[in-house]
Each structure stands twice: as C-alpha cells, then as structure tokens.
Amino acid sequence: MLSQNLISEVNTQIKYELYSAHLYIAMAAYCDYENLEGFANFFRVQAEEEKFHAIKFYNFLNQMGSRIIIYGLDEPENNFSSILDVFEKSLAHENFVTKRIYQLMDIASEEKEYATISLLKWFIDEQVEEENNFTGIIQKLKRINNDSASLYMLDKELGLRVFTPPTTTTQAQ
Ligand code: MG
C-alpha cells in the first residue's frame, strides 16, 4: 500500500502530464495557424505521448490499489511570438516536469517504496529524451535563423513523426 503522501503526489503528476498534453495541443494550434503543419504534427504526437505518461501513472496507482483522482487543468499558454519561442517554452515546461519527477523520486526513496522507484526510473530516462528532443530542435531553429527553405525542410521532417507507444518491461505499462 502506498502512503497517502505518495498517492497524492502521483495524482498531482497525472494532472501535470495531462496538462502537458493540453499545452502541446495549444502549441500545435499556433503552428497550424502559422502554416507549419509538420511542427503542428510534432506537437500533436507529443500530446499523445503525454497522455500515455498520464495513463502510465494511472495504471500504476490502479495496480497498487490506490484511488485515482482527476483534477482540473489550467489554461495553457496560447501566446507565442515565433516557432523558436514555442520550443523555448516547451523546453522550460519539460525542465519543470523533470524537477517534479525528481521530487517524486526523493519521496519514494525516503519511503523505500521500490515499486514506485522502478516506475520513476523509466520516467527519468524519458525526461532525458524529451529534453534532448526539444534542445535539438531549438539548436536547429537557431541555425536556420530566418531561412525559409531550411524551415520548410525541418517542417517536412517533423511532419513524419508518428506516435508509437514506448515498449517497456516495467510493471506499469
Ligand atoms: Mg510527460
């Protein structure tokens, strides 16, 4: 049985993962409006990943016999000044999520809650990947600067992204 504190923190994390999906759909909408359909596709796929993260925590609480609570979501950022601004804001958001996962890991470690520690290890690896993805695109956008042919190529490349649920051997698939 998980402690009340851990159950409450994991429930809050479900909210943050769902909020991430919310935010990335808002970012997709901005990209679509700017005729950057590939970037929009990238963010819609990212939103799918975030919903997958939420359900992974959901399944974990369910398997542990804990009560899942779904909280309301705040309105996401809808104002962006450029595609670079979108990615800088998404990276800042992922940095925040990483800190949250570390806080959860601190609590689980203090409580010697090994099943939760195992789950969170998967999320820590996932966060490294997420931050790396966003950082890579920011670097490309900075190199592209305002060259529309290069931006078109990157948009095309991101249009190819498809959602594939990550395969995992951990208990909370
Ligand atoms: Mg996530």
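I am working from a predicted model. H4 itself covers residues 114-144, which makes 31 residues. I looked up its reach from first C-alpha to last and got 45 Å, close to the 45 Å expected at 1.5 Å a residue.

I then turned to H1 and what comes after it. Asn 35 follows H1, and its phi is positive, near 60 degrees. H1 has 30 residues and spans 44 Å between its first and last C-alpha, close to the 44 Å expected at 1.5 Å a residue.

**Metal site.** Which residues coordinate the magnesium ion? I found Glu 17 and Glu 50, each through OE, and His 53 through ND1. The distances run from 2.1 to 2.2 Å. Along the chain the donors follow the spacing E-x32-E-x2-H. Glu 17 sits in helix H1 (residues 4-33) and His 53 in helix H2, 36 residues apart, so I noted that this pair links distant parts of the chain.

Are Glu 17 and His 53 buried or exposed? The cut-off for buried is under 20% relative accessible area. Glu 17 has 0% and is therefore buried. His 53 also counts as buried, because its relative accessibility is 0%.

**Nonpolar core.** I looked next for the largest nonpolar core and found that it has 26 residues. Cys 31, Phe 39, Phe 43, Ile 83 and Phe 87 are those with the most contacts inside it. H1, H2, H3, H4 and H5 each supply at least two residues of this core. The largest share, eight residues, comes from H1. I set a general remark beside this: in soluble globular proteins, nonpolar side chains tend to be buried together.

**Nonpolar residues on the surface.** Where is there a nonpolar patch on the surface? Ile 55, Tyr 58 and Ile 70 form one, with about 290 Å² of accessible area together. I placed Ile 70 in the loop between helix H2 (37-63) and helix H3 (83-110). Ile 70 counts as exposed because its relative accessibility is 54%, and the cut-off for exposed is over 50%.

**After the last entry on helices.** I checked Val 162, which lies in the segment after helix H5 (148-158). Its relative accessible area is 60%, so Val 162 is exposed. I also looked up its separation from Glu 48, which is 114 residues away along the chain. The C-alpha atoms of Val 162 and Glu 48 are 9.7 Å apart.

Key: Residues numbered from 1 in each chain as written. Predicted model: local features only at pLDDT ≥ 70, side-chain atom pairs only at ≥ 80, totals over all residues. Heavy atoms only, no water. Patch = residues over 30% accessible without salt bridge, like charges linked within 9 Å, V, L, I, M, F, W, Y side chains within 5 Å. Areas by Shrake-Rupley, 256 points an atom, 1.4 Å probe, with all protein chains shown as cover. Salt bridge = Lys/Arg side-chain N within 4 Å of Asp/Glu carboxyl O. Helix = DSSP H or I, 4+ residues; strand = E, 2+ residues; numbered from the N terminus. Buried < 20%, exposed > 50% of the residue type's maximum accessible area, 1.4 Å probe, protein only. Donors = N, O, S within 2.8 Å, 3.2 Å for Na, K, Ca; no water. Expected span 1.5 Å × (residues − 1). Core = buried A, V, L, I, M, F, W, Y, C linked by side-chain atoms within 4.5 Å.
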